[in-house]
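Dear colleague,

Here is the structure I promised to pass on to you.

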Amino acid sequence: MVLGPGGSGISVVAAAGALRRERGRPPSRAPLSRPGRHTLLITIDRLSPTPDLLGVFRLPGSTVAVSSGVHLLTLERLQSVEQTWSAFAGLLTAGIRDTKLNLPMLGTLAGIESAELATLPGVEEFLLLRRIRDEAVSGSWERIVVDLSGVADAFALLRAPSFLEQGIERLWPRHRRLAAATERPVLAQLAAAIDTIARDCEDIAEVLSDPHVLAGHLVVAADARGARAVAQHLALADLMGFPLRSVLVNRGVRAGEPAEVHIKDRHVVIRMVEAAAAPLDRPARLRKLAVTLAEPTGDARGSGAAQVRTVCGTGLDTIFEMSWEQRLPDPQRFDLGRSGDDLLVTVDGYRHAVRLPSVLRRCDVVEASWDGRSVRVRFAPDPAVWPRGQ
């Protein structure tokens, strides 16, 4: 996934990276008569210049061949909503009708027209990411490059499935859905429809945080604004456990005074993208940028690599500690909260729910600290829910 501040050249870098393989890895020798085992470039910006850069037609929702080994898929939010939501709404409507029960919240959800979905937080983003997930697990592509240009806040987009799942759980928690379906068989279809959406949310969130299959690439301009963006994006990547793999400094964009970008991170590499010598209006010229997108390493980062240890004590006197490496550009803008099974962590005004391991869900937070490198949160068992004899 290629992301970064607006105007930093994300689309150009993503397209150039899709056209060029990582050094040392030969292209697939799959038959050219089918797109399988090739590279798919996905853009989700309806105004994306990518079709023009690659010299192909813009056909939203359909793959277009760019070369024998590269295809382009342009996704538009409105089209994704109109084509996909009707299926979910149909399941919900049928389930509610068959139950003959008064379920106002779910009835309202099922009755929403696709054109109204823009008002529901997370739904548009969820449907886009669902299509990307479907392409990723289809087995048709060896590599997928996702161009996140045109997205005001890429991390807000990436957390949308988790946000939507949390909303579903607030409306009708899973344990209540299962119990209701068991006690009243007429609710089984409705519960299954809700579970379909919830499972998709969980699956997408898992893919987006899996360092074995995903690598994030941050594109910034070679100026002070770009340097600031690096610090902010690294902090949010830590917070979300997003496997950021490289920072590509685009010297072809000069928005301000030149500035050096420095990173001390064993997981992240810095690569320079030099200014193009000619207009980037065809694949051959994009290839000359020599952009390579580092592949996933399998190394988890940030909250995705959180560790839990027993500090001291036994039984109700046990003290547990959960920790992960976390950058804080501004330590004064760091905050912690708790909501059910989640630890609510705020970094620079951005809040993310970190799911707690099972042993800590029955505990209360007693202390939190940051040592300049890692966040450390200590927990003690809650006597009201801690199992007796442990």
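The residues lining the largest pocket comprise 13 nonpolar, seven polar and seven charged ones, where Ala, Val, Leu, Ile, Met, Phe, Trp, Tyr, Cys and Pro count as nonpolar, Asp, Glu, Lys and Arg as charged, and the others, Gly among them, as polar. Please bear in mind that this is a predicted model, in which local features need pLDDT of at least 70 and side-chain atom pairs count only at pLDDT 80 or more, while totals for chains, interfaces and linings use all residues. Residues are numbered from 1 along each chain as its sequence is written, and side-chain values use heavy atoms, with hydrogens and water left out.

The volume of the largest pocket is about 810 Å³, and of the 27 residues that line this pocket, Ser162, Met240, His352, Ala353 and Arg355 lie nearest its centre. Two or more lining residues are given by each of helix 7 (160–171), helix 9 (188–208), strand 12 (342–347) and strand 13 (350–355), and the largest share, five residues, comes from strand 13. Helices (H or I, at least four residues) and strands (E, at least two) are DSSP runs, numbered from the N terminus. A pocket is an open set of points on a 1 Å grid over the protein atoms alone, with protein on both sides within 12 Å along at least five of seven lines, whereas a cavity is a set where a 1.4 Å probe fits but cannot get out; lining residues have an atom within 4 Å of a point. Grid points are joined across faces, edges and corners, and a volume is the space filled by probe spheres set on the points.

The second largest pocket, with a volume of about 660 Å³, is also lined by 27 residues, and those nearest its centre are Arg143, Ile144, Val213, Leu214 and Pro296. Helix 5 (123–137), strand 5 (141–147) and helix 9 each give two or more residues to this lining, with strand 5 providing the largest share, six residues. By type, the lining of the second largest pocket divides into 18 nonpolar, three polar and six charged residues.

There is one cavity of 30 Å³ or more in the structure, and the largest cavity holds about 70 Å³ of space. Among the residues lining this cavity are Leu214 and Pro296, both of which also lie nearest the centre of the second largest pocket, together with Arg143, Ile144 and Val213.

How do the helices pack? Helix 5 and helix 9 meet at an angle of about 65°, with their axes 10 Å apart, and are therefore roughly perpendicular to each other (65 to 115 degrees; under 35 is roughly parallel, over 145 roughly antiparallel, and the rest oblique). The axes of helix 5 and helix 7 come within 8 Å and cross at roughly 120°, which makes helix 5 oblique to helix 7. Axes are lines fitted to C-alpha atoms, for helices over the stretch in contact, and angles run from 0 to 180 degrees between N-to-C directions.

Ala290 is found between helix 11 (283–287) and strand 9 (307–312), and Asp348 between strand 12 and strand 13. At 34% relative accessibility Ala290 counts as partly exposed, as does Asp348 at 23% (buried is under 20%, exposed over 50%, partly exposed in between, with a 1.4 Å probe and protein chains only).

With best wishes
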